[in-house]
Amino acid sequence: MSKNVHLQYSIIQKLKLKIFFSKYTSINFFKIIHILVLHEDKGGFIYNNKYHNYNIKVIKIILKEWEKMTIHLVNCKRNQVKKDIEIIILKDLKTLKRSLKEELKKLGFKAKEGQTCFFGKRLYVGTSFLKGEDLKIALSTAIKVLKNTQYKRILVPLVRTNFEFSLGSIVEGLILGSYKFTKYKSQKEETEIELFIDVNNSKKSIEFLNSQLQKNLQISSSVNLVRDIVNTPPEDFYPKKMAQKAKEIASKNNLSCKVFEEKYLLKNGMNAMLAVGRASRHKSQLIHLTYKPKNPRGKIVIVGKGLTYDCGGLSLKSGTGMISMKCDKSGGSAVLGIMNAISKLDYSYEVHGIIGAVENMIGGNAYKPDDILKAKNGKTIEVKNTDAEGRLVLADCLCYAQDEIKNIDYIFDIATLTGACIIGLGEYTTGVMGHSEKLKKKMLKASKKSGELIGILPYNRYLPPMIKSEIADIVNSTSSKAGSAITASLFLDNFIKKENKKKWLHLDIAGAAYREKIWGYNAYGGTGAGVRLILKFINGLK
Ligand code: BES
Ligand code: ZN
Ligand code: ZN
């Protein structure tokens, strides 16, 4: 597209995209994210000497009452924008005028990654690259710094010295970077920020930028929604709450939602899932959300582990091992986030989100090591360790998915399944396992595009015997810890039908889903791992 695309805006207000946060009440505590299209506005731009019409959607994103953010797309050349401060992202000082360079040098600013410096009406932020993850992290650094100041009206140029930044990365960096879990703070800091993204000199049409902005807002706020769910304590977010949340998401996004209770599980032979939740005072829930576009090109199924708490059961975790096990619902929460985003992204695939929402507790009626459980597909499982509960829940959910949904094109499960995956790949990387090399490559592509890290863990012929049982078909936990992220995946393989073997991938997000320290644009706690990865995968399907 030619450089001299002319963007013409009537008034700034017409381009307003408001993000603000909804009222906290004890009832709608989880009513966190809605994106409302307020109205459409007609406008236009001149491109190749022709006037083109476009519709501007004015969007309100309701997040939290105490934190308000508004995003405007503006053209500074045409509009007077009253700004308090401008964010300038730099990978070196080369493009700056000599006098400015000298001043910044005096202040010790060398544009090194993570460095920030206020000078004039500008906040300079250093980065290694002007793209992708680096750009997101730089914007996240900037917004964190600015949230601690009195600057309220912030300008971000989309184009600087002939270089056009990715609007998607800017939005992701700002929205994901400004997240903080403050629901339980008795004193909430009120913030109100107005962001102006200056599209002057952009090579893209306003229609494109506008739709990109909306899509990226939808994705980023869905990630923040997942973070909120994951961070919520188990006393306030148990299986029934997960089902309620799913229904809420469904009604807002025109999805269908079925919730099955324990009676259904019993009637349908889902004894493995039932056993895990038996000692909890909260009843297990099987949740099934569906997004059906017109004339779908295929079917995608995503099954999530929704352990709202995992104390290990009778094979009890240690005191420290139990801390943060509210994060064991991250897979199921990611499914909720994906389903929340999907209807706004115009994907042509039918997408099913299935969640096994269960709490793993101890008690007189708890399932025990030595028990033998019969799963939905008839396979028998000898319980060696009640802390290897996720695979039991997923086993039945995978059977349910394949019994209920025919002609599946892709089936993924996503779970905080093993500590071994963290040991193997490190704290930030999702383990991906499956039978199809082609499919794993596709997921790697989605990983590169989304910025979520994945690592492939390989199967081999010697590993399956490790999960054989002397008295049942398989065991749920091996005697050796070696390779136990892979043997967990091989356990799940027992519940994948022959025709779906090459269509299935297992995603172990035990490390990436939750961190007790700031990591890039991730705050302390839930990260929303899996949402952007899987959405990019679907987006990349031809
Ligand atoms: N939920 C845990 C896995 C986990 C560990 C998630 C750390 C997030 C952070 C899972 O249910 C579990 O306890 N797995 C055991 C399996 C073992 C008993 C075979 C593990 O990884 O130790
Ligand atoms: Zn466990
Ligand atoms: Zn678990």
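## The zinc ion (ligand 3) site

Reading along the sequence, the donor residues of the zinc ion (ligand 3) follow the spacing K-x4-D-x17-D-x60-E. Within that pattern, Asp 310 and Asp 328 tie together distant parts of the chain: Asp 310 belongs to strand E14, Asp 328 to the loop between H8 and helix H9 (330-342), and 18 residues separate the two. Keep in mind that this is a predicted model.

At the atom level, the zinc ion (ligand 3) is held by Lys 305 through NZ, by Asp 310 and Asp 328 through OD, and by Glu 389 through OE, with distances of 1.9 to 2.4 Å. There are 6 donor atoms here, the angles among them run from 76 to 174°, and the site comes out as octahedral. As for solvent, Asp 310 and Asp 328 are both buried.

## The zinc ion (ligand 2) site

Now for the other zinc in the pair. The zinc ion (ligand 2) takes OD from Asp 310, both O and OD from Asp 387, and OE from Glu 389, at 2.0 to 2.2 Å. Why is the arrangement around the zinc ion (ligand 2) irregular? Its 6 donor atoms subtend angles of 72 to 168°, and six donors count as octahedral only if opposite donors are over 155 degrees apart and all others lie between 65 and 115.

The donor residues of this ion are spaced D-x76-D-x1-E in sequence. Here too the site joins distant stretches: Asp 310 sits in strand E14 (residues 299-310), while Glu 389 is in the loop between strand E17 (380-382) and helix H10 (390-404), 79 residues apart. Asp 310 and Glu 389 are buried.

## The bridge

What links the two ions? Asp 310 bridges the zinc ion (ligand 3) and the zinc ion (ligand 2), and the ions lie 3.2 Å apart.

## The chain as a whole

Zooming out, the chain has 14 helices and 24 strands. Of its 542 residues, 59% are buried. Take the contacts between residues at least 6 apart in sequence: 78% of them join residues at least 24 apart.

For a local example, look at Gln 212 in helix H4 (residues 206-231). Setting aside neighbours within four places in sequence, Gln 212 contacts Leu 167 and Gly 168. Leu 167 is 45 residues away from Gln 212 along the chain, yet their C-alpha atoms are separated by 7.3 Å.

## A nonpolar surface patch

Leu 314, Leu 316 and Ile 362 make up a nonpolar patch on the surface, with about 260 Å² of accessible area together. Leu 316 is in the loop between E14 and helix H8 (319-322). With a relative accessible area of 47%, Leu 316 counts as partly exposed.

## Two positive phi angles

Ala 111 isn't a glycine, but its phi is positive, at about 65°. You'll find Ala 111 in the loop between helix H1 (98-106) and strand E6 (116-119). Is Ala 111 buried or exposed? It is buried, because its relative accessible area is 3%.

Asp 346 isn't a glycine either, and its phi is positive at about 55°. Asp 346 lies in the loop between H9 and strand E15 (350-360). A relative accessible area of 60% makes Asp 346 exposed.

Key: Residues numbered from 1 in each chain as written. Chains lettered and ligands numbered in written order. Predicted model: local features only at pLDDT ≥ 70, side-chain atom pairs only at ≥ 80, totals over all residues. Heavy atoms only, no water. Donors = N, O, S within 2.8 Å, 3.2 Å for Na, K, Ca; no water. Tetrahedral: all angles 85-135°; square planar, octahedral: opposite > 155°, others 65-115°. Helix = DSSP H or I, 4+ residues; strand = E, 2+ residues; numbered from the N terminus. Buried < 20%, exposed > 50% of the residue type's maximum accessible area, 1.4 Å probe, protein only. Patch = residues over 30% accessible without salt bridge, like charges linked within 9 Å, V, L, I, M, F, W, Y side chains within 5 Å. Areas by Shrake-Rupley, 256 points an atom, 1.4 Å probe, with all protein chains shown as cover. Salt bridge = Lys/Arg side-chain N within 4 Å of Asp/Glu carboxyl O. Contact = heavy atoms within 4.5 Å.
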